[in-house]
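Hi,

Here is the structure I said I'd pass along. Have a look at it first, and then read on for what turned up.

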Amino acid sequence: MSGRYIARKLVQALVTIVAIVLLNFVLFRMMPGSPERASKNPHLTPEIVAANRVKWGLDKPLIPDQLINYVESTAAGDLGYSIKYRGQPVVEVVVDAAGPTVLLIGLGEAVAIVVGLWLGARSGWRRGGTIDRVGNALSLVFYSMPYFVIGMPLIIVFAAGLGWFPTSGMTTPGGNKTPVEAIVDLGRHLVLPLTAVALGLIGAYSILMRSSIVETRSEDYITTARAKGLPDARILRSHAFPNALLPMVTLIAINLGYVVAGAITAEIVFNWPGLGTLTVQALDARDYPLLQAIFLLIAVSVVIANFGADLVYGYLDPRVRA
Amino acid sequence: MSVGTGVAGTDRATGRAPGSLVRAGGFSRRLLGRTDGLVGIVILLVFGLLALAPTLFVGPLENLTTTSGIPLQAPTAAHPFGTDELGRDMLNLTVHGARISMTIGLMATVITILIGSLVGIVAGFVGGAADTLLMRLSDFFLVLPTIVLALILAPIILDVIGSRAQLLGIRSTLLVIVIVIGLTSWATTARVIRSQVLSLKERMFVDRARVIGSGGGWIMRRHILPNVMNLIVAQAVLTFATAVFTETTLAFIGLGDPSAPSWGQTLNSAQAAGAPGLGAWWYIVPPAAAVVLVVMAFTLLGNALDDVLNPKALSRR
């Protein structure tokens, strides 16, 4: 991979991150409860307002002084203090909630990539076959369902109805558990949310993989492989599948943002203590600093994921390195 | 079909078929001949009818004071879909939800398509620095997840325009959802249209228009726009699916208007009332099934349209 390719992608990613931070800066100034508005309190004397403006740095021009100040503190990881969590720095609150989300989405992605790509490849390879028709119909249904719509029936059937799994949360509170018991407990709580996230993703990945394999199937090298007399399964495994996988790398990375955003709705249904549940709490409490930190974290993660995908793509497909 | 005639008109005006394969008669036959297109249209007709006149089918929208049943009742003869925790009839709520969800979806689609088509046509036709700038902008919106951006934009827009404001009888809470979806989802449309415009502007009929002295604005309006109309229609249908999906998600998270129960808003109430844990499936299945059916129908129809209208997709088969 040429250095120029990496450099160009790196610059693009950095420009996007700068734009996100700038957007955050602008939004901070438009938010309800900004210092400008707080100063409109009629009980404050002009002297106090002026003193506060100096204290908060609002007497300096918006650009560049305030902007530099903002970028500096953002870079230093200071995103302000949460309203809901009694003045705890929002970075701490967000990092605490990120763990469960990463666990849920990471496992969901892993399951969905394996199952979705397999299903899509099989469907596209034998277009019109039983697997294709059933798989395609199911994929379309799950693709049309928000994660929480998949999650709610799962609770009704498997938690409220059959009682196989707990209805909500990540752990059973109380009691001294041995490490093994703790892991089993976590696993039992994880099954339903994981199924909801994975099912939603399998739909999307299988549809995309199917069309990718359909396009690959008409390539000349597939005809060549057939002409060589290779068995069908071998052509799929060693010739079609790896090539059809290429566009999927980008698609999976681009989708990551939507996955995170969508998966947070699954968290709400299962009361999973991650970023999604935190987002709803922040919305209910109109905790703007917290909302912005969540936005910044997700947006920047998505940009980084995209950058990573570009690098992987460039490594896998020599044609795009130019 | 207006789509077909619009393109036919262009063919006459330019004196040659600019590569567009659509003829008015063949179009509807080809679309209806496809199972997915037909299924999509039938589902949408049913929901469109419900959305047009919900009162005709199930009476006026029930609220706390006009409830007709006892709270959280499983389906009975009087309430075939059961009742919610306030005793409102679920059939009534779901049918009225069609109107609310689909109106929001339609308005959001209009905004998305307007911005997306404008950006796509200008970026593709003008090219140069304008193109680079617009495409970087669309990259930005493509990368940012709509829902997350909506989460921080919605309270701010609501604060700017005030939560009591109304437009065409629609409360600002819902307008915010419309604006947010429109502002954050145009990038895909812009990309698709731009790539088509890039190839269109190299065609002979654009050169001819230039030679006889037509300005850029005129060419974009009279020559480029009619030729990307096919794409715009297919994109609009697909965008509608996304818009209904996004509205459902945003309303579920808590950005909806409790007095205008869209399907997402009803699911939000169901979650708040603890319906999943109580096993109150009738509270969840009707609105959830409605969302899935509508999103699926629009996706099916959009893909079918894309295949039938888009010459590139045709040659791919």
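This is a predicted model: local features need pLDDT of at least 70, side-chain atom pairs count only at pLDDT 80 or more; totals for chains, interfaces and linings use all residues.

The contact between the two chains draws on 40 residues from chain A and 31 from chain B. On the chain B side, the elements that each put in at least two residues are α6 (128-143), α7 (146-161), α11 (216-255), α13 (275-278) and α14 (281-309). With 8 residues, α14(B) gives the most to that side.

Now for chain A by itself. If you're setting up a box, the C-alpha atoms of chain A fill roughly 90 × 55 × 35 Å along the principal axes. Chain A has 322 residues, and 36% of them are buried. Looking at its contacts with a separation of 6 or more, 74% are between residues 24 or more positions apart.

And what about the largest nonpolar core: which residues have the most contacts inside it? They are Val197(A), Ile294(A) and Ile284(B), in a core of 174 residues. I followed up on Val197(A): setting aside neighbours within four places in sequence, Val197(A) is in contact with Leu104(A), Ile105(A) and Gly108(A), and also with Tyr147(A), Ala263(A) and Ala266(A).

Cheers

Definitions and conventions: Residues are numbered from 1 along each chain as its sequence is written. Chains are lettered from A and ligands numbered from 1 in the order in which they are written. A residue is buried if 20 or more other C-beta atoms lie within 10 Å of its own, exposed if 12 or fewer, and partly exposed in between; C-beta atoms are placed from the backbone. Two residues are in contact if their C-beta atoms, placed from the backbone, lie within 7 Å. Helices (H or I, at least four residues) and strands (E, at least two) are DSSP runs, numbered from the N terminus. A nonpolar core is a set of buried Ala, Val, Leu, Ile, Met, Phe, Trp, Tyr and Cys residues joined through C-beta atoms within 7 Å.
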